[in-house]
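Dear colleague,

I am passing on the structure we spoke about, and below it I have set out what I found when going through it. Please read the notes with the coordinates open beside you.

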Amino acid sequence: MEWSDLAKQVITLGAPLLGSALGGPLGGAAGQILSEVLGVPQPTPAAVQAALPAAGTDRIAEAEARWAEAVRAEAETQRIAISETQATIRAEIASNDPIQRWWRPAYAWELTLECAALWAVLVHEFWTGDIQTINALIGATALLATYWAFRFGVLGVYVSGRTREKVCAATGQNSPGVIETLVKAVVKKK
């Protein structure tokens, strides 16, 4: 038996948030809260299912309230973390520090020149027919692919971050990311 097997039963008993959580990836955490409220010694789905028929609506409501409070606490923690991160970003932008302003564009230019240099070497080696160097480059393909995947990943984060910085500078507010949007949605329901 799984926690998700109890989801419908808990929802029909008047705890839709807790029941939905039981059916999802947080089922274990929701099941732990439910078993604590019901006084079940073993927090297993079978033990909780056996205790559900005898549970009063006040106990189910208490479990629902505890789950809602746990979700609110997590949302508040994420909201504070996002707020602190955004305050740091705004402080860095306002500092007009030359290193802060120039390191990411310099990184992008350096990566572009690095790729161009490799292509120049490849074209030269194909042109001259230097099979030994071509074979060495082919042998290093996995290493180079991993290396550039990381480098271009960092560049992608830079481009996304710079866009958010420009939006923040233009509007005075940061454009929310996915996590921030979820936190605002949960906190708004208070």
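Please bear in mind throughout that this is a predicted model.

I begin with helix H3, which covers residues 27-38. The helix has twelve residues, and from its first C-alpha to its last it reaches 16 Å, close to the 16 Å expected at 1.5 Å a residue. Its buried residues are Gly 27, Ala 30, Gly 31, Ile 33, Leu 34, Ser 35, Val 37 and Leu 38, and what covers them includes helix H1 (7-12), helix H2 (16-22), helix H4 (45-51) and helix H5 (57-95). After H3 comes Gly 39, which has a positive phi, near 75 degrees.

Leaving out residues up to four places away in sequence, Leu 34 touches Val 10, Leu 18, Leu 22, Val 48, Ile 60 and Ala 63. Leu 34 and Leu 52, which are 18 residues apart in sequence, have their C-alpha atoms 9.5 Å apart in space.

Turning to charged pairs, the structure holds six salt bridges, and I describe some of them here. In one of them, the side chains of Glu 36 and Arg 66 meet at 3.8 Å, N to O. Since Glu 36 lies in helix H3 and Arg 66 in helix H5, this pair ties together parts that are 30 residues apart in sequence. Glu 36 is partly exposed at 46% relative accessibility, and Arg 66 is likewise partly exposed, at 37%. Glu 36 and Arg 66 also belong, together with Glu 62, to a network of salt bridges.

- Arg 72 and Glu 69 meet through their side chains at 3.8 Å, N to O, and they lie three residues apart in H5, about one turn of the helix. Arg 72 is partly exposed, with a relative accessible area of 29%, and Glu 69 is partly exposed at 47%.
- Glu 76 and Arg 79 form a salt bridge whose closest N and O atoms are 2.6 Å apart, and these residues too are three apart in H5, about one turn of the helix. Glu 76 counts as partly exposed at 23% relative accessibility, as does Arg 79, with a relative accessible area of 38%.

The remaining notes concern helix H8, residues 141-171, in which Arg 151 lies. Is this arginine buried or exposed? Arg 151 is buried, because its relative accessible area of 9% falls under the 20% cut-off. The side chain of Arg 151 makes a polar contact with the side chain of Glu 114, at 2.9 Å. Apart from its neighbours within four places in sequence, Arg 151 is in contact with Tyr 107, Glu 110, Leu 111 and Glu 114.

Finally, on aromatic rings, the count comes to one aromatic pair. The rings belong to Tyr 147 and Trp 148, with their centres 6.0 Å apart and their planes at 55 degrees, so the pair is tilted. As for accessibility, Tyr 147 counts as partly exposed at 36%, whereas Trp 148 counts as buried at 16%.

Definitions and conventions
Residues numbered from 1 in each chain as written. Predicted model: local features only at pLDDT ≥ 70, side-chain atom pairs only at ≥ 80, totals over all residues. Heavy atoms only, no water. Helix = DSSP H or I, 4+ residues; strand = E, 2+ residues; numbered from the N terminus. Buried < 20%, exposed > 50% of the residue type's maximum accessible area, 1.4 Å probe, protein only. Polar contact = N/O pair within 3.5 Å; in protein donor to acceptor, adjacent residues only side chain to side chain. Contact = heavy atoms within 4.5 Å. Phe/Tyr/Trp six-rings, centres within 6.5 Å; stacked < 30°, edge-to-face > 60°. Expected span 1.5 Å × (residues − 1). Salt bridge = Lys/Arg side-chain N within 4 Å of Asp/Glu carboxyl O.
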